[in-house]
Amino acid sequence: SSRFSVPSLTLPQHLSGDVLALPIFKQEDSSLPPENETKNPPFQYVLCAATSPAVKLHDETLTYLNQGQSYEVRMLDNRKPGELPELNNKMVKSIVRVVFHDRRLQYTEHQQLEGWKWNRPGDRLLDIDIPMSVGIVEPKTHPSQLNAAEFLWDLNKRTSVFVQVHCISTEFTPRKHGGEKGVPFRIQFDTFALGDSGDYTEHLHSASCQIKVFKPKGADRKQKTDREKMEKRTAQEKEKYQPSYDTTILSECSPWPDNAYTSTNQAATLSFASTPLSTYTTSSVLDRYLERVCLSPTASIQDTQKWLLKNRFSSYTRLFSNFSGSDLLKLTRDDLVQICGPADGIRLFNALKSRSVRPRLTVYVCKESLQENAADINQGPNAVCDYYHDCETGLVCFCAVYHALYLEELTAAELIRKMACVCSIPLGTINQVYRQGPTGIHILLSDQMVYNFPDESCFLISTVKGQQSTLTDRKPQPRSLFDKDVMSPFTFPPLCR
């Protein structure tokens, strides 16, 4: 028969109201009640895995688990006759979680688990092995809670749930030179009864135990190493340590807080209202870009929080809640990788340093009207105008203001969309876009044409009203559909390269 090393405890009164709403795991107070006042817990959970022999007498047990291996947890009804009669012939709900043992990591649990999710997309920290489990009903895992699962069970029937832990202890240890000591976890069960609202919200009991998770077969090797170390100790030294037991009893603790870790989909939680294309101006686009990308060293704590939200770092706003712009900019790349994990750490570092991806194509454009264009060219270089380009002499007046268009997709639709912004023309009123070719012919703008534009080409944009044309005309003219504006934008050759 198995022996149990951890007695059931009743928590001291002054510890029951933890101001941080975190579970009380350790026996932090020696003022235990007299033995005759000790109350047996209504439930007992037994993890079928051996405890470590290298644990001192008055310390909590430690159990080693293999990553991904199914371990049985026996769910036992421990009520005395007449205790909690309202539960007779009723189902209860239990939530099993894998959580951090150390307080330091509990405070940053959300950030730690979000970082783990980025490094292990699609994986869960905890799963229930449903085929091997006995007596559980309606097992559920929520996509937003990667470290928890829940199920119903009948107190009158034999119940065993098999759990799998997929995270290993060293994944949450800052990596330095290898061989780092892994952080301990806890497996915690919270059990609830059916409340008046029809949901399982009435808390009955909570218990947990300390574990460490190793890569497959690593727990067996660690258990063997601890056992060999203990065998080398003297008999007097062995008296200071607990014996190893075949199973682990979970000890009572306070319930896990309701605001436990929930993984959020940033795309779903952040929404931005789209602005009609015609309302943009070049300055407003630039202001919005700078506001989103650049973090000023003089930014206040509030401004820094807004910057994190706008740059899709909402899961780290709590972690950096006391950081100003200067504080955040002082962090090195290694600091950010250690705090946020490799994926988000590098992304945050690049965002802080305003490292943007170079556009695939840059085009410079200048607005003109068709009438002004004809008049200015006829008048020659002595005319007073905003710009002038003479194809024969090569004279160019640099009074014109050009707008830079940065293209990533290299498609005609992308170029038209950005030219509409520059010209303040509603996108829906544009019928066709042409490039003016040799002898004044109009060439329809296409994806292939945009793809073959030389980088940093300069063009003039003309907007003309659609006119009726016939197929018999030899000289191509802009074609009209419902009398919409037609953009005939590009006079060629380019002004400069």
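Colleague: Hi! I'm new here, so let me start with a pocket: which helix gives the most to the lining of the second largest pocket?
Modeller: That would be H9, with six residues in the lining. Keep in mind that this is a predicted model.

Colleague: Noted. How many residues line that pocket in total, and which ones lie nearest its centre?
Modeller: The lining has 25 residues, and those nearest the centre are Glu-171, Thr-173, Val-337, Gln-338 and Gly-341. The space inside comes to about 700 Å³. H1, H2 and H9 each supply at least two residues of the lining.

Colleague: You mentioned H2. Which of its residues are buried?
Modeller: Helix H2 covers residues 109–119, and the buried ones there are Glu-109, His-110, Gln-111, Leu-113, Glu-114, Gly-115 and Trp-116.

Colleague: And what covers them?
Modeller: The cover includes strand S4 (91–100), helix H1 (103–107) and helix H9 (333–340).

Colleague: Let's go to the sheets. What is the strand order in the open sheet of five strands?
Modeller: The order is S5-S8-S3-S1-S11, and the pairing is antiparallel.

Colleague: How many bridges join S3 to S1, and how many join S3 to S8?
Modeller: Strand S3 (residues 71–77) pairs with strand S1 (residues 43–47) over five bridges. Five bridges also join S3 to strand S8 (residues 159–165). Both pairs run antiparallel.

Colleague: Which residues of S3 stand opposite Phe-43 and Gln-44?
Modeller: Phe-43 stands opposite Asp-77, and Gln-44 stands opposite Leu-76. Towards S8, Met-75 has Thr-159 as its bridge partner.

Colleague: Asp-77 carries a charge. Which side chain meets it in a salt bridge?
Modeller: The side chain of Arg-79 does, with N and O 3.0 Å apart. Arg-79 counts as buried, at 16% relative accessibility, while Asp-77 counts as partly exposed, at 31%.

Colleague: How many salt bridges does the structure hold?
Modeller: There are 12. One of them joins Arg-97 and Asp-190, whose closest N and O atoms are 2.8 Å apart. Arg-97 lies in strand S4 and Asp-190 in strand S9 (residues 185–194), so this pair ties together parts that are 93 residues apart in sequence.

Colleague: Are those two buried or exposed?
Modeller: Buried: Arg-97 has 10% relative accessibility, and Asp-190 has 0%.

Colleague: What about Lys-418 and Glu-414: how do their side chains meet?
Modeller: They form a salt bridge too, at 3.5 Å from N to O. The two are four residues apart in helix H12, which means about one helical turn separates them. Lys-418 counts as partly exposed, at 25% relative accessibility, whereas Glu-414 is buried, at 2%.

Colleague: New topic: how many residues are in the largest nonpolar core?
Modeller: It has 42 residues, and the ones with the most contacts inside it are Leu-47, Phe-151, Val-161, Phe-172, Phe-185 and Phe-189. Strand S10 (residues 200–214) gives the most to this core, with five residues.

Colleague: Take Phe-185. What does it touch?
Modeller: Leaving out residues up to four places away in sequence, the contacts of Phe-185 include Val-98, Phe-100, Ile-168, Phe-172, Ile-211 and Val-213. Another core lies apart from the largest one; it has 22 residues, including Leu-405, Leu-410, Leu-445 and Ile-461.

Colleague: Last one: where is Ile-425 found?
Modeller: Ile-425 is in the loop between helix H12 (412–423) and strand S17 (433–436). It counts as buried, at 11% relative accessibility. Ile-425 and Thr-463 are 38 residues apart in sequence, with 9.6 Å between their C-alpha atoms.

Notes
Residues numbered from 1 in each chain as written. Predicted model: local features only at pLDDT ≥ 70, side-chain atom pairs only at ≥ 80, totals over all residues. Heavy atoms only, no water. Pairing = 2+ DSSP bridges. Buried < 20%, exposed > 50% of the residue type's maximum accessible area, 1.4 Å probe, protein only. Core = buried A, V, L, I, M, F, W, Y, C linked by side-chain atoms within 4.5 Å. Contact = heavy atoms within 4.5 Å. Salt bridge = Lys/Arg side-chain N within 4 Å of Asp/Glu carboxyl O. 1 Å grid on protein atoms, 1.4 Å probe; cavity = no way out; pocket = protein on both sides within 12 Å on 5 of 7 lines; lining within 4 Å. Points joined across faces, edges and corners; volume = space filled by probe spheres on them.
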